[in-house]
Amino acid sequence: MEEFNIIDKIKRLTSMNDRSNNLNIGDDCAVLKNMSNERDILITTDALVENIHFDLKYCTFYDIGYKSAQVNISDIICKGGAPKSMFISLSIPSRIREENIMMFYKGLLDASSHYNIEVSGGDLTSSKDSFFISITLVGIINKNKAVLRSNAQVGDNLYVLGTLGESDLGLKKLMSGKFDINDKVVQSHLRPKLFVKEWQNILNKYSVSSAIDVSDGLLQEANHIATASNVQIEIWENSNWALVNSEYATSNNKKDILKSILTGGEDYAILFTSSKKIDDDNNIIRIGKVLNSYNSSNRVLFIDSNGNKVNFNVLGYQHR
């Protein structure tokens, strides 16, 4: 079973009974349009499972709580909304102690405090083996203002805001057992940073046609935008990757760093399209453009430094 194939089949099955004008399965979060005349409601949910999304060998419970909050907040922020209420469900094995759960909540609350998010409920159950986390986050946005992945236009520029590849590089160091906990890329994996103020400045200053957060890999997310918008996306190797990755400029093997940038995931940067010209700066760069699809099945093209098209067997992370 492949994650995105299953999601697509569930979407087709459930759409048969959908009579609303809501945006449901198929974007970073649901957009409920029938709740208010002035605002839309945004709802996102994520599950994190021990030994799949995190490993207690190198993650503290504080780290897990902090990251659990950030991955959900990222979805709401990416849409241009404001996160408001969080619901947390935990399945806890007997080996995990009460003080561990309190430390989990401390990390979660520290991450959430920047946005005045209220913890509004949830559920606690026991688990035989793994620690399981499920978080649902509710947000709001002005009516019909949500930035979707489905509105990229031919001729748009493709940008990324945030950091790319650092989480993957940090994970590799953690898994090796040889790491400095204060290493920037290690911290990028354990406690991802969201560029909220920068993103709001972009939304206020420029017209943004589509956006998605980079959780499963840059190429994978570009493919999601291209498929939803029925376009083709071109990404260039000759981009200022050093502005979004702290190890790229000094690396002796830029190809390995670039692979992490393109396919690593869990950075929670924002990939977006706009017809406007935005200059490269720290943590924001132009990396490609939107093309006409011409009914192509290859939605994402990567153009190397010699102008050649490169195919990737794996675009990013998929649960199987």
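Because the model is predicted, local features need pLDDT of at least 70 and side-chain atom pairs count only at pLDDT 80 or more, while totals for chains, interfaces and linings use all residues. Residues are numbered from 1 along each chain as its sequence is written, and side-chain values use heavy atoms, with hydrogens and water left out.

Helices (H or I, at least four residues) and strands (E, at least two) are DSSP runs numbered from the N terminus. Five strands form an open sheet in the order E1-E2-E5-E3-E4, with mixed pairing; two strands pair if DSSP finds at least two bridges between them. Strand E1 (30–32) and strand E4 (118–127) are the edge strands, each pairing on one side only. On average, neighbouring strands of this sheet are turned by 15° against each other, direction ignored. Axes here are lines fitted to C-alpha atoms, for helices over the stretch in contact, and angles run from 0 to 180 degrees between N-to-C directions.

Within the sheet, strand E3 (residues 82–93) and strand E5 (residues 132–142) run antiparallel and are joined by nine bridges. Ser91 stands opposite Phe132 in E5. Helix H2 (residues 61–78) packs on the sheet and touches strand E2 (39–49), E3 and E5, its direction making about 145° with that of E2. Contact means heavy atoms within 4.5 Å. Helix H3 (residues 98–112) also packs on the sheet, touching E3, E4 and E5, and its direction makes about 165° with that of E3.

The second largest pocket has a volume of about 340 Å³. On a 1 Å grid over the protein atoms alone, a pocket is an open set of points where a 1.4 Å probe fits, with protein on both sides within 12 Å along at least five of seven lines; lining residues have an atom within 4 Å of a point. Grid points are joined across faces, edges and corners, and the volume is the space filled by probe spheres set on the points. Of the 20 lining residues, Lys79, Gly80, Ile141, Lys145 and Leu203 are the closest to the centre of the second largest pocket. E5, helix H6 (196–205) and E7 each give two or more residues to this lining.

Strand E6 (residues 157–161) is largely enclosed by the rest of the structure, because five of its five residues are buried (buried means under 20% relative accessible area, with a 1.4 Å probe and protein chains only). Asn157, Tyr159 and Leu161 lie on one side of E6, Leu158 and Val160 on the other, and both faces are covered. Strand E9 (residues 270–274) pairs with E6 in the antiparallel sense over five bridges, and Val160 stands opposite Leu271 in E9. Strand E10 (residues 284–292) pairs with E6 in the antiparallel sense, also over five bridges; here Tyr159 stands opposite Arg286.

Leu271 is also among the contacts of Ile212, a residue of strand E7 (residues 208–213). Ile212 is buried, with a relative accessible area of 0%. Leaving aside neighbours within four places in sequence, its other contacts include Asp28, Cys78, Arg149, His224 and Ile270. The C-alpha atoms of Ile212 and Ser150 are 9.8 Å apart, at a separation of 62 residues along the chain.

Methods
Buried means under 20% relative accessible area, exposed over 50%, partly exposed in between (1.4 Å probe, protein chains only).
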